[in-house]
Amino acid sequence: MRAKPVQRDPLLVRLREGVEDFAASTPARFAITVFGILVLIFTGLFLLPISTTSGETPPLIDAVFTAVSVICVTGLATVDMATYWSGFGHAVIFVGVEIGGIGVLTLASILGLVISRKLGLRTRLLAAGDANPLRMRKGPISEGQAVRLGETGQLLRTVATSVLVIELGVAALLFPRMLIQGVDPLSAAWQSIYYSAMAFTNTGFVPTAEGLTPYETDPWFLTVLMIGVFLGAIGFPVIYVLARNIRRPKRWSLHVKLTIVTSLVLLIGGAILFFFLEYDNPSSMKGMDPGQRILQSFFISSMARSGGFATLDMHQFDGSSLMVVDMLMFVGGGSASTAGGIKVTTLAILFLAAFAEAKGVDDMEAFERRIPPDVLRLAVSVVLWGATTVAVSTVLLLWITPDERLDYILFDAISAFATCGLSSGFTQSASEPAQWILAGTMFFGRIGTVTLAAALASSTRRRLYKRPEERPIVG
């Protein structure tokens, strides 16, 4: 006997087709819509009395702010995350940062790949949009990049595998150290997994009230956290290429080389600056031995790029050190990573353009490759949109809280935009309107300036004519 065909609900079929058409026609707007829906869902979960240790419904601002911080993998908080939320609340936080860190569209594509064991063209385009924001724009996209459209399926498998392997590896390295500290095995297992997820997703939440205090001078614990943060911040396209060609650097794409080199330069350069700027600060590094100074300098430099963990009080930092942290946070990590900011490749492109201009050459070049002008235009747009977001947020916060110091407000505004999570102490003590502004800054910072710009533009048009050229005076 022939099996009867499965009858599908026409309404569900039309709904699915409508969602697919919306996602395919305007992927940027679709991504923003999905992020917004997730924030609403997690806000609802945090509003449940079971989510708090007191058993009471939390204030709306605390639920919304926590939901945005979790989905945007930021790490800023209006409450003490370790003690305010219950075990159920921490489970919601854990799931949320995994979804936000991997990427909404990437996670959806991975689930589709697992269920159907194949990827359609639309699913490939959605996943590729997470891996390369340029694909959020309608129109032709050059395939001369880190991951081609045909490799999207392999990239998704790399994402799923790397998340499991790296997070379990970090947890396995932290677990014995917690046992030595005297933590019971069950709590040590949970805390090590929690720390590993927060490190790889660059979120920075801690599971206990004492936070990193028991391990603040521990080279093993802090180094493992730095490794987890670094691997999460370099980006999934870089992990994908390294997994296939770790011993063959000549096969690394330009994107991979720029990401790794710029990340290492920022990490080492930031550590050197912190070592000297905080050398005589009695509230931070003064009195430490040279080994601890070096360890803490590298830890701060690593976390300032988007990690969010802190062993020293940012509120006690020298003003010059806060400015260095501001710059590192604004740059952030690699593209298509769990980190935020304008991304290290954006900074690299701007410097390459400046070097090309200084040399008097027309083309930007790096590692024997020529970079097309449209990449520079995109880099400038990313920096301009990012700076505008931070500026607007800072002005509004200063207007609402005129008695607060500018450097503290600017610090938390950049941290929100770059989804870093470090705080000068302003966020938790700020008024409710200021916390709403910071929540909006986190949301716009996470969806990305490229995605936002693509969502505002209905399409990419190619003109059939050119207007007369005229050069204004620059500089």
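Is Asn245 buried or exposed? Asn245 is buried, because its relative accessible area is 12%, where buried means under 20% relative accessible area, exposed over 50%, and partly exposed in between, with a 1.4 Å probe and protein chains only. Asn245 lies in helix H11, which spans residues 236-245, and helices here are DSSP runs of H or I with at least four residues, while strands are runs of E with at least two, both numbered from the N terminus. Leaving aside residues up to four places away in sequence, Asn245 touches Arg251 and Trp252, a contact being heavy atoms within 4.5 Å.

The model in view is predicted, so that local features need pLDDT of at least 70 and side-chain atom pairs count only at pLDDT 80 or more, whereas totals for chains, interfaces and linings use all residues. Residues are numbered from 1 along each chain as its sequence is written, and side-chain values use heavy atoms, with hydrogens and water left out.

Taken as a whole, the protein chain has 20 helices and two strands. Of its 475 residues, 52% are buried. Among the contacts in the protein chain with a separation of 6 or more, 70% are made by residues 24 or more positions apart. The protein chain exposes about 23600 Å², and carbon and sulfur atoms supply 64% of that area; accessible areas come from the Shrake-Rupley method with a 1.4 Å probe, and for residues only the protein chains shown count as cover.

Val92, in helix H5 (residues 87-102), counts as buried because its relative accessible area is 7%. Apart from residues up to four places away in sequence, Val92 touches Phe42, Leu45 and Phe46; Val92 and Leu45 are 47 residues apart in sequence, with their C-alpha atoms 7.6 Å apart in space. Thr401 belongs to the loop between helix H16 (373-400) and H17, and Thr401 counts as buried because its relative accessibility is 15%. With residues up to four places away in sequence again set aside, Thr401 touches Ile409, Phe426 and Ser431, and a C-alpha to C-alpha distance of 7.9 Å separates Thr401 from Ser431, although the two are 30 residues apart in sequence.

By the rule that a salt bridge is a side-chain nitrogen of Lys or Arg within 4 Å of a carboxyl oxygen of Asp or Glu, the count comes to two salt bridges. One of them joins the side chains of Asp218 and Arg177, at 2.0 Å from N to O. This pair links distant parts of the chain, 41 residues apart, with Asp218 in the loop between helix H9 (185-200) and helix H10 (219-233) and Arg177 in helix H8 (residues 152-181). Both Asp218 and Arg177 are buried. In the other salt bridge the side chains of Arg405 and Asp407 meet at 2.4 Å, N to O. Arg405 counts as partly exposed because its relative accessibility is 43%, and Asp407 is partly exposed as well, with a relative accessible area of 22%.

Leu264, Ile268, Ile272 and Phe276 make a nonpolar surface patch of about 390 Å². Ile272 has its place in helix H12 (residues 254-277), and Ile272 counts as partly exposed because its relative accessible area is 45%. A patch of negative charge gathers Glu357, Asp362, Asp363 and Glu365 on the surface; Lys and Arg count as positive and Asp and Glu as negative, while His and the chain ends are not counted, and the place of a charge is taken as NZ of Lys, CZ of Arg, CG of Asp or CD of Glu. Asp362 sits in the loop between helix H15 (344-359) and strand E1 (364-366), and Asp362 counts as exposed because its relative accessibility is 78%.

Lys343, in the loop between helix H14 (319-331) and H15, has a phi near 85 degrees, a positive value in a residue other than glycine. Thr419, in the loop between helix H17 (406-417) and helix H18 (426-429), has a positive phi of about 45 degrees although Thr419 is not a glycine. Lys343 counts as buried because its relative accessibility is 18%, and Thr419 is buried with a relative accessible area of 0%.

Terms used. Patch = residues over 30% accessible without salt bridge, like charges linked within 9 Å, V, L, I, M, F, W, Y side chains within 5 Å.
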